[in-house]
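This report is meant for a reader who has not seen this structure before. Please look over the sequence and the model first.

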Amino acid sequence: MPLLILIALFAIADFAVLFTLGAKIGLLASLVWIVASGALGIHLIRRESLLTLQRARARMAAGEIPSDEILAGASFVLAGILLIAPGFLSDIVGLICLAPGSGQLMRRWSTRGSRGAGPKGAEIPGDWDAHRRDSDSTASDGRAGDDAAPIEGEYLGKER
């Protein structure tokens, strides 16, 4: 809910700035800026989504998780969406998202919420490396992770 209020306030401020600057620089200059930034945003989304998909496929083929490529692609798509939106504030924020260090900043910001919460010594839900270390070191019966026996059970199908 607070995010929705923040987005609504940003949209209202964006339109207020658009109308204020539009009155100062003129209608034609405002329309040219809106159309040019929208075209740049559409081009950016099309190009970066395809490049990100290709890089993610290459990382997956190499057996790696393409998290860096996905976050970088998300940063470019967010920039494209903000450039498509009519308004000068959204264009400024979209151009900031295109800055070279913005992908790393977005990565730090997105992982801060999943790794920073939790008491000392507790496993944090977003910490996959800790989970992998724990599962590799010992199995549930105390033996080494690679030598652990598979879990046995029965499969019960859904009856109609």
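The model is a predicted one. The protein contains six helices and zero strands, and along the sequence its pattern reads α-α-α-α-α-α. Of the 160 residues in the protein, 20% are buried. The accessible surface amounts to about 12,300 Å², and carbon and sulfur atoms account for 67% of that surface. Among contacts between residues at least 6 apart in sequence, 51% join residues at least 24 apart.

Helix 3 covers residues 67-84. Which residues of helix 3 are buried? They are Glu69, Gly73, Ser75, Ala79, Gly80, Leu82 and Leu83.

Arginine 47 belongs to helix 2, which runs over residues 27-61. Is arginine 47 exposed, partly exposed or buried? Its relative accessibility is 39%, so arginine 47 counts as partly exposed, since the partly exposed class lies between under 20% for buried and over 50% for exposed.

| Pair | Kind of distance | Value |
|---|---|---|
| Arginine 47 and glutamate 48 | polar contact between side chains | 2.9 Å |
| Arginine 47 and phenylalanine 76 | separation of C-alpha atoms | 9.5 Å |

Along the chain, arginine 47 and phenylalanine 76 are 29 residues apart.

Key: Residues are numbered from 1 along each chain as its sequence is written. This is a predicted model: local features need pLDDT of at least 70, side-chain atom pairs count only at pLDDT 80 or more; totals for chains, interfaces and linings use all residues. Side-chain values use heavy atoms; hydrogens and water are left out. Helices (H or I, at least four residues) and strands (E, at least two) are DSSP runs, numbered from the N terminus. Buried means under 20% relative accessible area, exposed over 50%, partly exposed in between (1.4 Å probe, protein chains only). A polar contact is a pair of N or O atoms within 3.5 Å; within protein, one must be able to donate a hydrogen and the other to accept it, and residues adjacent in sequence count only if both atoms are side-chain atoms. The expected span of a helix is 1.5 Å times one less than its number of residues. Contact means heavy atoms within 4.5 Å. Accessible areas come from the Shrake-Rupley method with a 1.4 Å probe; for residues, only the protein chains shown count as cover.
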